[in-house]
Amino acid sequence: MRKEKILIIDDEDFILQLSSDILSKSEYAVATASDGRQGIKLLDNDRFDLILTDIKMPNITGLDVIRHVRVNNKEIPIIVITGHGTLDIAIDSLRLGAQGFILKPFTPVELRNAVTEALEKTRLLSENIRMRALMPLFEVSKEIIGEVDTKILFKLLVDTTVKETRADRVCLALVDDETGSFRVKESQGASPDYIDKFENVYSKELLELFLKDIAPVLISPVAQLPFELERAVKSDDITFGICVPLTTRGKITGLISVCRTSKDSPFTSSDIELVSVLSGQAAAAIENAHLYEKLEQSYLSMMVALSCVVEARDLYTDKHMKDIAEYSVDIANKMGLAEDEVENVRKAALLHDLGKISIPDHILMKPGKLTEEEVEIIKKHPENGAKIIEPVEPLRNAKDIIKHHQECYDGSGYPDGLKGEMIPLGARIIAVADSFGAMTTDRPYRKALSIEDAVKEIKRCSGTQFDPDIVKYFLALLKEKGTIKDTE
């Protein structure tokens, strides 16, 4: 039996040797290259079943290697070896056609599993690519595998399934880690009642079936189904259906369910293979998206850790940042902002004073009045904070909010003197929350104002320092919480 050939490209000798040893012991034929140029030369003169490549290499990078390969070969699986510092580049590699990425440092098990799964998925794709019916699916595969926003990804997967199978009803469900049962993440043509039954009746039966055999389940009038599942299918007027599990490294992580109600439209073997291929792409794409979310959270944690350095220097900032984040999210929710916008406001609120890390202690904690020169140093903190997070791709939408949270509605603020709605909405929200939090917290140079006096000041500055609409939302919020009375 022919050994599968793997090319490893990395400019770190240790990683190169380690990867080669691990995969050679797993009975793969391994070739190595210490830079991109050597790797491309080997690719041009030999055929490989899989490529493992580092991203950051001198002269010819991993992205250059991927571009070179994809000019003539769209199918060969490529796995990117990356570290935390190359997250945005790793995402670019997925969009160029890489199948996935593994993080340094990795264990032998992680490397072997990633290689095994990539080769298995490629074999599945290779076996089915001859079928003309699958061609549209392969055209959209790059879009699927390159999408890292789970909400967009789930909708894309369901829309693609509906389009290619002409199904009346499609559900994408994932295994809930807490309950161990399927939970629907996206659907089309499914009523709330159907989803409820799917999660509480179908889910148990399907999971038990998949645990016995991960092969697709075909629903038809003549199919032999477990009693509970058969009863549920009949009650929902499902004539034909396909349920295919999503698996990651042999573990069931979800399923795609496809149904038709017409008695004249049975699913064909091509439909089953199509949904099976899509499920393989879905499992890989969902895993990548979840990994991206973890890396994004890692970046945010790192930035918050930096903010904690400011907290350690300024006890006021400790409570201040947490309060401002809570106030800001509450205002954003009350205004009806979309979930992703609320999340951007939350991130910006947590990091809005990050730039203070550049302010010397004798200024930041000065108990008396600041000099004009010291005031100018303080005024640089919004821009400094924005510059700190600028290279961090997952925080890109919080940058402008942080930069402009000290702007005033009448244009008298800093750093750019923006006016009115030219100021980012998130910055206008944080400006109100930040000022209220500052006024109601003890500072080195003064005691905290009472809630009543702080509210009076917010009202007084409405339309000059603050957006009057946001002030209304904030005051309504304080009344709802019982912080102030209706008469105030």
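Helices (H or I, at least four residues) and strands (E, at least two) are DSSP runs, numbered from the N terminus. The model is predicted: local features need pLDDT of at least 70, side-chain atom pairs count only at pLDDT 80 or more, and totals for chains, interfaces and linings use all residues. Residues are numbered from 1 along each chain as its sequence is written, and side-chain values use heavy atoms, with hydrogens and water left out.

Start at asparagine 344. This residue sits in helix 12 (residues 339-351). Is asparagine 344 buried or exposed? Its relative accessible area is 17%, so it is buried (under 20%; exposed is over 50%, partly exposed in between; 1.4 Å probe, protein chains only). Leaving aside residues up to four places away in sequence, asparagine 344 touches Asn397, Ala398 and Ile401. Contact here means heavy atoms within 4.5 Å.

Now turn to the sheet. Strands of a sheet pair through backbone hydrogen bonds, either parallel or antiparallel. Two strands count as paired if DSSP finds at least two bridges between them. Five strands form an open sheet in the order 7-6-10-9-8, with antiparallel pairing. Strand 7 (182-188) and strand 8 (217-219) are the edges, each pairing on one side only. From one strand to the next, the twist averages 20 degrees. Strand 6 and strand 7 run antiparallel and are joined by six bridges. In one of them, cysteine 171 is partnered with serine 187 of strand 7.

Helices pack on this sheet. Helix 7 lies across strand 6, strand 7 and strand 10, at about 60 degrees to strand 7. Helix 8 (residues 192-212) touches strand 6, strand 7, strand 8, strand 9 and strand 10, and makes about 120 degrees with strand 7. Axes are lines fitted to C-alpha atoms, for helices over the stretch in contact, and angles run from 0 to 180 degrees between N-to-C directions.

On a 1 Å grid over the protein atoms alone, a pocket is an open set of points with protein on both sides within 12 Å along at least five of seven lines, while a cavity is a set where a 1.4 Å probe fits but cannot get out; lining residues have an atom within 4 Å of a point. Grid points are joined across faces, edges and corners, and a volume is the space filled by probe spheres set on the points. The largest pocket holds about 1,100 Å³. Its lining has 38 residues, with Thr248, Arg249, Glu287, His290 and Lys294 nearest the centre. Helix 10 gives the most, with nine residues.
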